[in-house]
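Okay, thanks for coming, everyone.

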Amino acid sequence: MPDTPAAVRRRAVVIGGSTAGMLAASVLATRFDEVIVVEADRLPAGPAPRKGLPQARHAHLLWSSGVAALEELLPGVTGELTGQGAGLMDVMTDLVSKAPSGQWFRRFTDSRHQLIVCSRDLLDAVVRANVLARSRITLLDGTRAAGLTGHRDRVTGVRVPDGPGDGETVLEADLVIDASGRGSQASAWLRELGHGPFEERVVDAGVAYASRLYAAPEGTLGRRYPVINVQADPRDAPGRGGVVVPIEGDRWLVTLSGTRGGRPTADPDAFEHFALTGLKDPIIGRLLARAKPLTDPVTTRSTANRRRYYEKSATWPEGFAVLGDAVAGYNPVYGHGLSVAGQSAIVLGRVLDRYGPAAPGTARRVQRAVARPVGNAWNLAVGQDASYPGAAPNPPTLVERLLSAYVDQAVAAGSENPRALRGLLDVMSLKAPATRLFAPDMLWNIAVGPRKGPLPGPPLSRAEREAVGLN
């Protein structure tokens with residue numbers, strides 16, 4: 001009697017152990033027998049910085065679409081985060097925000113949207129621990145991927161160094177996902193296999209960030225203090241903005257930003273002065289005058305919007321796809337990168353389930369599916385940043401200028417009308433594409449809907465002002 005052939009065991013390799021890579025690994029672990037995550041950094045055991053993610057030191061907001069994606073991928077993770085000190089905040093109730101066009105948003109209730117606020121270190125640590133607890137996932141950290149193996153038609157694995165010498169090992173794989181971030185080598189690797197060139201666009205507003213940790217004022221302890229956000233105005237360069245985010249450990253994470261000619265620095269003495277005098281409203285500077293700094297400022301200038309249009313390539317190999325910042329990185333001020341990573345992991349799973357992990361054309365279908373959430377975030381980011389001088393080789397087109405003007409009208413309506421605000425937040429949170437702004441209810445609310453009138457200043461309650469010593 002002939003032997004029964006052994007069941008085919010399928011392996012996937014993920015390049016990059018960031019949140020995007022971990023979320024992709026969580027999806028693959030339910031569809032492959034083995035998943036190996038290859039990460040260049042040594043990953044910390046708990047919430048701690050890592051060398052390859054300098055932007056983690058700045059404020060991050062996980063919008064409602066990202067919250068929903070995270071919970072779908074890792075059920076119960078929101079509770080784990082809040083159990084370790086993260087905040088789950090209602091938008092706009094718990095967000096005091098000044099729009100780029102100048103309006104203060106009213107703090108309407110029932111916006112249907114939430115934010116997770118915490119340090120990036122905590123978010124990554126909780127996601128990482130949840131994912132790596134799965135038996136099918138193996139982490140190779142401190143290991144930098146050296147390249148792909150295979151041929152023009154199919155990627156068959158990843159080359160990694162053996163150790164300190166020149167030797168290499170091949171990790172054979174049925175599917176390779178590159179989630180290695182802004183430093184991805186996917187374009188070069190694909191060219192070596194005979195693909196490309198790939199269309200790429202860069203919109204760089206020249207934004208620099210400076211962030212600093214503060215001890216939250218005693219009067220705010222034990223209460224849910226709102227996020228305070230003063231957004232930059234791209235029509236009035238240099239664009240300067242700032243945000244105060246209450247995070248775990250009774251701390252405030254404060255991030256200031258500025259474009260060319262108005263950037264914040266790492267000078268501790270200049271940080272609070274910038275917040276007080278450089279923004280469109282002094283509220284953040286006034287708050288910091290009553291808070292104790294815990295660290296010196298840290299700065300980052302790698303903030304350009306950069307997108308690689310892999311989905312448009314004339315050719316594409318089987319067995320390979322690119323996710324996360326390796327496809328598109330955004331100016332961090334919009335807080336969309338993490339949400340796109342979660343949405344991309346979800347569409348990865350849907351494509352694999354519909355067509356099968358090894359079906360011809362699956363990898364290309366993944367790449368095209370990922371382009372949808374990427375495109376939604378890209379259009380929002382570029383629509384603002386392209387207006388800054390020198391951000392792109394060509395000035396905004398007439399269509400882009402008209403769209404930007406319409407968005408300003410939607411913002412003005414949303415600042416005074418809760419129904420308009422809900423529609424605006426559907427788009428800003430990436431729960432709906434930009435076409436949502438042209439739905440009949442939005443057109444009506446923008447044109448003739450009732451409005452409560454503009455606010456003269458930041459809508460902090462009396463109790464919130466007293467908690468921080470503001471008159």
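Let's start at Val 176. Bear in mind this is a predicted model. Setting aside neighbours within four places in sequence, Val 176 is in contact with Val 13, Ile 15, Leu 148, Val 155, Gly 157, Val 158, Gly 319, Phe 320 and Ala 321.

Now, charges. How many salt bridges does a search of the whole structure find? The count is 24. Take Asp 41 and Arg 50, with their closest N and O atoms 3.0 Å apart. Asp 41 is buried, at 11% relative accessibility, and Arg 50 is buried too, at 14%.

Then look at Arg 306 and Glu 200, a salt bridge at 2.7 Å, N to O. That pair ties together distant parts of the chain, strand E19 for Arg 306 and strand E12 for Glu 200, 106 residues apart. Arg 306 is partly exposed at 31%, and Glu 200 is partly exposed at 39%.

There's a network as well: salt bridges link Arg 112, Asp 426, Arg 436 and Asp 441.

Last stop, Ser 64, in helix H2. Is that residue buried or exposed? Ser 64 is buried, at 6% relative accessible area. Its side chain makes a polar contact with the side chain of Ser 429, at 3.3 Å.

Methods:
Residues are numbered from 1 along each chain as its sequence is written. This is a predicted model: local features need pLDDT of at least 70, side-chain atom pairs count only at pLDDT 80 or more; totals for chains, interfaces and linings use all residues. Side-chain values use heavy atoms; hydrogens and water are left out. Helices (H or I, at least four residues) and strands (E, at least two) are DSSP runs, numbered from the N terminus. Buried means under 20% relative accessible area, exposed over 50%, partly exposed in between (1.4 Å probe, protein chains only). A polar contact is a pair of N or O atoms within 3.5 Å; within protein, one must be able to donate a hydrogen and the other to accept it, and residues adjacent in sequence count only if both atoms are side-chain atoms. Contact means heavy atoms within 4.5 Å. A salt bridge is a side-chain nitrogen of Lys or Arg within 4 Å of a carboxyl oxygen of Asp or Glu.
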